[in-house]
Every structure is written in C-alpha cells, then in structure tokens.
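Here is a short report on one structure. Look through the sequence and the model before reading on.

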Amino acid sequence: MGATLLLTLVMLSAWRLGAQREELEDVEALDWWQRGVFYQIYPRSFQDSNGDGVGDLPGIGSRLDYLKTLGITGVWLSPIYQSPQADFGYDISDFRKIDPVYGSLADFARLRDGVHERGLKLILDFVPNHTSDEHEWFQKALQNDPHYADYYVWHEGKLLANGTRTYPNNWLSFFDGPAWTWSEQRQMYYLRQYHPKQPDLNYRNPAVLQEMLDVMKFWLDAGVDGFRVDSVNTLVEDDRFLDEPRSFLPGARPGSIFYHNHIFTQNQPETYEIIRKFRAFLDDYARSEAEGRACAPKTNCAQSVTVCNARRDDCSSRSTSACYEKSETCITQVSVCDTKRTECVKLGVVGCDVERRNCTQGEGPCTAQRQRCAERIVEACNSERDSCGAQSTTACDAQRQSCVAESMEACNGERESCGLEVSGCAAQVEECSSADDGSPRRPSTKAMLTEAYTDMKHTVQYYGNSTHPGAHFAFNFFLLTELNRESQAQDFQGVINAWMTTMPAGKWANWVVGNHDNPRIATRFGAEVVDALHMIQFTLPGTTVTYAGDELGMEDAFIRWDESVDPFALNVGREHYLDVSRDGCRAPFLWDSSVSAGFSNNPRTWLPVNPNYYRANLQRQTKNERSHYWIYRNLLQLKDHPVIQFGSLNVKSTRKILVIERADKSRNTVFVTVFNTGSFQENLHLSQVLNLPTKQLSVYASSSNSERTVGVEVDASRIHLRPKEALVLTNDHPLVQKGAIGNDRMLSGVGKQILHLPLKMLLFILIVGLI
C-alpha cells in the first residue's frame, strides 16, 4: 500500500514537472514585450542619490534589485534628456544629452548595464511631437535659417479689419488657452499644443522625420530596447488651418482642451503614417542587429575608443585655440579702446588749459574751474571708452579661462557620448558572440508603445495592420479614463469587452491603470479597490503596465497651491488647479519611514512626500503578508501561466459583481477573478454564471479587505463577498510562490513536501519504498 502511494505521488510529480516544462515553453514562445510587466519610473520621484531632493539615474540604479525581485519585465523611464524643465523633461533642448539634474551619459550607461545584467529590458520615453523653444533647431528657425525655417509649424495669423493681427484659428492647447504663440523675432505665430515653450515640430517636412529617426538610432546604439512614444495623436495637423467645432461636452470650460472636437489637430491620416515609419525603422534596426550589421567586432570597438579619444583631443585643441584667439582679439580691442580714451583725455585737457589761461577770476576760482573741466572730460572719455565695447585685460583673461573650461566640458561630453556608443557596441558584441552557434539569430525586438489620449476607434489604429504594422501595442487607457469609484460591474465589463472587440485581430492587448498624468488608483477608486484593479489587470490577456508606487497602493499627495509646480495646474489658476494638477501622483516613492520616506536624505524634496509614508511605505508592507505589495507581487507571477497568456476570455457581470474567466478547456484549467463593485455584501453562485469544470476552487489571491487567505478552498455555488472584495480563484492548485509570505498554505502535509523535492530524490524515495 505504501509503495503504491509513493509510486502514485512520484508519477503525479513527474507528470506535473513535465506539464510545467510544456507550459513554460508555451509562454517563452512569446516575445519579451508580451510576457510580463512594463514598470514606469518617473525619474524625479523614484530615488535621489545626491541629496538635492530630485530623483536621478544613479538613484534608479541603486534600486534595480527591488525591480528584479518584484518580477517586472521592462523598465520604462519618463524623459531624462537635457531640458529647461518647463514641463519637467517633456520640453527637450537636446535629444542626445542627459539633463544634469538626472546625471550624465556615463550614469545612463551604468544604469543600462545594471538593467540588462538583471535580465530586464530598458525603454525610454521618446517625445517626437515638440522640442523646447531653447532647442538649437528652434533658435535657428527663429532666425529664419533656410534649413530650419520649416522645422516647426508657423503661421502669419489673421489680419483683422482694424489692422490687428490675431491667432490663425481657434485651436486650443492641452494646457488651456490658444495653441498659438506669437514670435516677435520672426513676426509669426508658432503652434504649440502643449506649453508655450514646447513648439510643435512639422512632420510635413521630411527633414524633421529623418532627424527623429537619427535620435532613435542614437539611443538604440546606446543599448535601449525600445521606446514609449509620447503624444502621438498630435504629430500632424490639418494644413488648411480650419477652425475646430465645439464638443458640447458637459462642463467643458471655454478655452479648455475639452471645449472643441479636435478633428483637425489630432489623429490625422499622416500621423498614422509617421508611426508606421517609426516601426519600420525599429524593425529594420533589429534585423540588422540580428544579422550582425549593427554588431561590430571587438577590435572595431577598441578602435572606436581610440577614435573617440582622438575626437575629444581634436575638439579640445580646436576649442582652446578658438578661445585664445578670442582672448587676443579681446585684448587688442582693450588696447584700441584705451588708446582712444587716452587721446580723448589728452585733447580735452588741452582745452581745459586754454580756458584756464583765459580765466580772469583769480588764481583760486580759475584753478577750480580747470579742475571741474578736467573731471568732465575724464568722465566723458570714460563713457566713450565704455561704449567702445572692450573689457579690461583681466576680464579678457577670465573670459578665456571660462571659454576653455566650457569647451573642455563640451568636448568631454562629446567623448562621453561617443564612449556610450562604444559601450553599447561592446555589449552587443558579447551578445552576438555568445549566441553565435551557426544558427540564425532571432532579432531582439525593439519595442514601440504609443501614447494617445483619444477615443478607442482612433487608439487602435496606432497598431497599424498586417502589412504595415504600427505600435507593438497602443496604450489602452480606458480602465483609467472611463472608470472611477462610481463604476459598477457592467461598466468594467463594457470597457473590457469593447477593447477586446475593437482591437485589430492578431494584435496584442495591454492594460494601463495608472501613470504620471492621472490621479493614482488609490485616489481614483479608493485604497480598498487597489488589489481588485490589479487582479483585473493581471488576469486579462496581454501586457500589464504599472506606474511605480501603484504596487504599494500609493495615494496622491495633496499639493497646496503655493507648493504646486505642474505648469498645467499653474496655467489654469488657483480656482481650477486641483481639477488638472498632476503633482499629487508625482510625489516621491515611499521606500521606508526615514527622512523623506527614504527617497532622499534631504527633508525638502522637489514635491512634498505624502504624509502617510510612515504607514504606507514599502519596508512596512514587506512585513505584512496581506499588504498591497505582496498581493501585487503574487499576481505578477500569473503572467507566466499559459492559461493567462493564451486561455479563452469570458467577462460577465451579475448585479454588482464582475466575473472574469480565463480557461483552457484542453487542460480543464480555469482562473476566475470576482470583484464586488458594490457597497454591500453580495452573494455569488458562480456555477450558475460560468460552466466550471469543478465546484471546488482554491484562492490564488485575495484582496487585503477579504476574510479569505491564499490556499483556502471555496465552494463555487456559495461565495459571499464583502464590499469591494476581490478574489482570484483557480482549480490549478499552484505550487508555493517563491518569496511570498504565508503562501505555503497552498499545499499541505506530505503532498506539499513531495512536490517540492527534486525528481532524482523522488525516484530514490520510490525505490526505497518499493524495497
């Protein structure tokens, strides 16, 4: 009897291990961007490394182990490029440089290496719609430089009957008010659909598209794995500049972006074409990389180092020579101006002497008169010397020293940029050589994710089609924009089904519930619904996108008017700033209960830390098995399950309860998420809603407000749900989840112990048992 039992257990274990290998292979057949979770980091708010109260790249690097442990797939960084920070990085003055607030290109290279060493992917925000008005292109456009004059969207405006010039049309800015700004220098209006310091690029000029493709290549060469493309719906505008019609949306203020129906400024046919060209470029780059064309030999990388050093030295030599030439010119001008002053004084004093000789008022008064005359002459000559434009010799020397220092910094920056490419090349060489077994290499996809706040019909068009693909996935914001704490089960069902039926066939779904532009989940829905939203996200098919801090259920910090920094909020004024402010959701990450929640050692951070940090921080949550953190972390492991990735989807609602079923009929396996959206206890007869393979299901995950714990069995015909309670149920009783607290309840006794033993040990036990 004992031998029979052992044999049965071993056979079951071996079968399960084999089945798990099959399932793993199924999931691994997916591309990297499909399998897991993109984790958005807003760099200013994640981790400060130098005590200035602002997050930076070294700070992010110091927290990579946390991201690896969490289980995410890809790190997405909001803009880190050089910027005047008028819109906190989305106003870019140089696409190829890192803003000093965040670090340097060397810091970026170290971060990239750290991400890749942990088996994660790195994608950057790509902002193609506009630049900063301090960008070199715009500055040259202001000067009407023939090459750059058409890089932006310009218009002379309308000339009224009274001779007044006004806006070209009624187009509105996302930041409120007209979308046009007058340039005194060029005597024209420029389009800026966002901040006045963010002029829109003109994609009807082919040179602009090529410039942005070159920017993409720079960062691909630097080793990034893809891009989240910002504000794609506003890339191209109708070139007839026609007025847009009223939207008649309830509550839309005149001057707000919601006041018009944006049929001429958003989602133009040419915009989709630009996105397809971006995708074609990325795919071609990935193919080239796989074929070895983008992967130089190590000797070439070494030669590149020499080239980079030579480039820097040549730059330094040229720049220093130019600085000395300027200094010599400056000193020559000083000499010329000083000579003029001396001659001026000499001639003037001669006149004063003549007046003194002709003076008949007596010795004392005549001497005083001459003195006053000489003082006037010296003052006049000094003024003439000042207007000559020259400085002092000391000032010329200081100017030369400053010029040399700035030039050296610029040359070192150019070397650093060149070295970044070299480092990326070396990393690619290592990857190529390790994979070079003679078989064709699968291209490592350079992913493109697009952002567009628009309706569903236009959003899904950013996917492209089978012959001309666009985004790998277009961000699905509809769980974020269409639902709130008043939404009922039918509302959730409608949004989910609408996306799945509207998304083009063969394309990959994704689900976004939070980001840096919208109030956090816990603020929009209430803290008690955070876990339910994550259960919905992780049991739906496709890729999950998480905003850093949502895994903790972080809430928006309340930011007073006098503390506000968001340009959008400041632009609408004190009366309306809370309606649009993005400051609250951008408050620093809550690491622990120390100063500034562990985000910075500076007690005064760029935005106030949420005062609830002492109880809502990560450190505290890791010690509580029912915390948002542990629930999120356990849910994330569902992305490796083939039923979640490939199973059928069935979304139902009954009264106040949302039901999401993922099933694989061939394996007779189901996962079911149930969520009570109501304010009272509800009873659910799940077996009447779904055709389940069994009435007995186990709790895979339970919300923090649930009385049930992981591993508890549930009778599908009698499920009582508290208000806002959510559960993930399954008949595939999973193994203990690595790293989870308390999840060893999932299996018990001998069965649990045996299933954890290596196969060789199980065979040994079998033999001993049979003997």
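A crossing of two helices is left-handed if the near helix is turned anticlockwise from the far one by less than a right angle, and right-handed if clockwise. This is a predicted model, where local features need pLDDT of at least 70, side-chain atom pairs count only at pLDDT 80 or more, and totals for chains, interfaces and linings use all residues. Residues are numbered from 1 along each chain as its sequence is written, and side-chain values use heavy atoms, with hydrogens and water left out.

Helices (H or I, at least four residues) and strands (E, at least two) are DSSP runs, numbered from the N terminus. Helix α7 passes α8 in a right-handed crossing. Their axes, lines fitted to C-alpha atoms over the stretch in contact, lie 11 Å apart at an angle of about 35°. Angles run from 0 to 180 degrees between N-to-C directions. Contact means heavy atoms within 4.5 Å. Leu209 and Leu213 of α7 take part in the contact, as do Phe278 and Phe281 of α8, among others.

Next comes the sheet. Its 8 strands run in the order β13-β12-β11-β5-β2-β1-β15-β14, with parallel pairing, and the sheet is open. Strands pair if DSSP finds at least two bridges between them. The edge strands, β13 and β14, each pair on one side only. Helix α16 packs on the sheet, and its direction makes about 150° with that of β15.

| Element | Residues |
|---|---|
| Helix α7 | 206-221 |
| Helix α8 | 269-291 |
| Strand β13 | 473-474 |
| Strand β14 | 510-512 |
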